[in-house]
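Open the model in your viewer and keep the selection tool at hand. We will go stop by stop.

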Amino acid sequence: MAARLHVLAVPLVVLTAALAAVPAASADPPAAKAAPDADGFKDTVQPFLAANCVRCHNAKKAEGKLDLAKLGADLAEGKNADAWQAVADRVTAGEMPPEGEKQPDPAAVKAVTGWVERELAKAGKSGATGSGSLRTGNHVPHHLLFGPDAGKAPLDTPRGCGG
């Protein structure tokens, strides 16, 4: 009888050890979505847009079919994510403001594009970065090659390629 109990005890000990190694399911509720950084928008992004962008990208002119006055601090909720990504891409690449216009301070560019990236991450839409960055692998944003906008926009010759 004792030998029979020993045979059952070994698998029981192994099973108990295995279950102890498995983390318990958390009873905590899922984390709420992070709130939009409205202060960062008001203190950093709005002044940058006012100084460098809205003269050409407003409701009246909307050059490039982009009205920056419509973009708000609600990016973390996923609103206008594609437009914000395009703004960050163009500013990071040095394409905006265009040549001949007063160029923003690199620290201001970094602050604005950092805000956009953080808010995109809150919205679950991060990962896309500026054209020609190490993460995209080429000078044409992925969404212009393969996304729903493929073929709709003319593609510029990448910088440094004779264009």
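Select Asn80. This residue sits in the loop between H2 and H3. Keep in mind that you are looking at a predicted model. Check the backbone of Asn80: its phi is positive, about 60 degrees, although Asn80 is not a glycine. Is Asn80 buried, partly exposed or exposed? Its relative accessibility is 36%, so Asn80 counts as partly exposed.

Stay in this loop and select Ala62. Ala62 also belongs to the stretch between helix H2 (38-52) and H3. Its phi is near 45 degrees, which is again a positive value in a residue other than glycine. Ala62 has a relative accessible area of 24%. The cut-off for buried is under 20% and for exposed over 50%, so Ala62 is partly exposed.

Now step into helix H3, which covers residues 81-92, and pick Ala83. With 22% relative accessibility, Ala83 counts as partly exposed. Which residues does Ala83 touch, leaving aside its neighbours within four places in sequence? The contacts are Leu66 and Leu71. Show Leu66 as well and draw a distance between the two C-alpha atoms. Ala83 and Leu66 are 17 residues apart along the chain, and their C-alpha atoms are separated by 7.9 Å.

Next come the aromatic rings. How many aromatic pairs does a search of the whole structure find? The search finds 3. Select Phe41 and Trp84 for one of them. Two values describe such a pair: the distance of the centres and the angle of the planes. For Phe41 and Trp84, the centres are 6.1 Å apart and the planes stand at 90 degrees, an edge-to-face pair. Phe41 lies in helix H2 and Trp84 in helix H3, so this pair ties together parts that are 43 residues apart in sequence.

Color both residues by accessibility. Phe41 has a relative accessible area of 7%, so Phe41 is buried. Trp84 is buried too, with a value of 0%.

Why is the pair of Trp84 and Trp115 called edge-to-face? Their planes are at 65 degrees, and edge-to-face means over 60. The ring centres of Trp84 and Trp115 lie 5.3 Å apart. This pair links distant parts of the chain: Trp84 is in helix H3, Trp115 is in helix H4, and 31 residues separate them. Both Trp84 and Trp115 are buried. Now show Phe41, Trp84 and Trp115 together. These residues form one aromatic cluster.

H4 has 17 residues. From its first C-alpha to its last, H4 reaches 24 Å, close to the 24 Å expected at 1.5 Å a residue. Which residues of H4 are buried? They are Val109, Val112, Thr113, Gly114, Trp115, Val116, Glu119 and Leu120.

Go past the end of H4 to Gly124. This glycine follows H4 and has a positive phi, near 75 degrees.

A cis peptide bond joins Met96 and Pro97, with omega about -15 degrees.

Terms used. Residues numbered from 1 in each chain as written. Predicted model: local features only at pLDDT ≥ 70, side-chain atom pairs only at ≥ 80, totals over all residues. Heavy atoms only, no water. Helix = DSSP H or I, 4+ residues; strand = E, 2+ residues; numbered from the N terminus. Buried < 20%, exposed > 50% of the residue type's maximum accessible area, 1.4 Å probe, protein only. Contact = heavy atoms within 4.5 Å. Phe/Tyr/Trp six-rings, centres within 6.5 Å; stacked < 30°, edge-to-face > 60°. Expected span 1.5 Å × (residues − 1).
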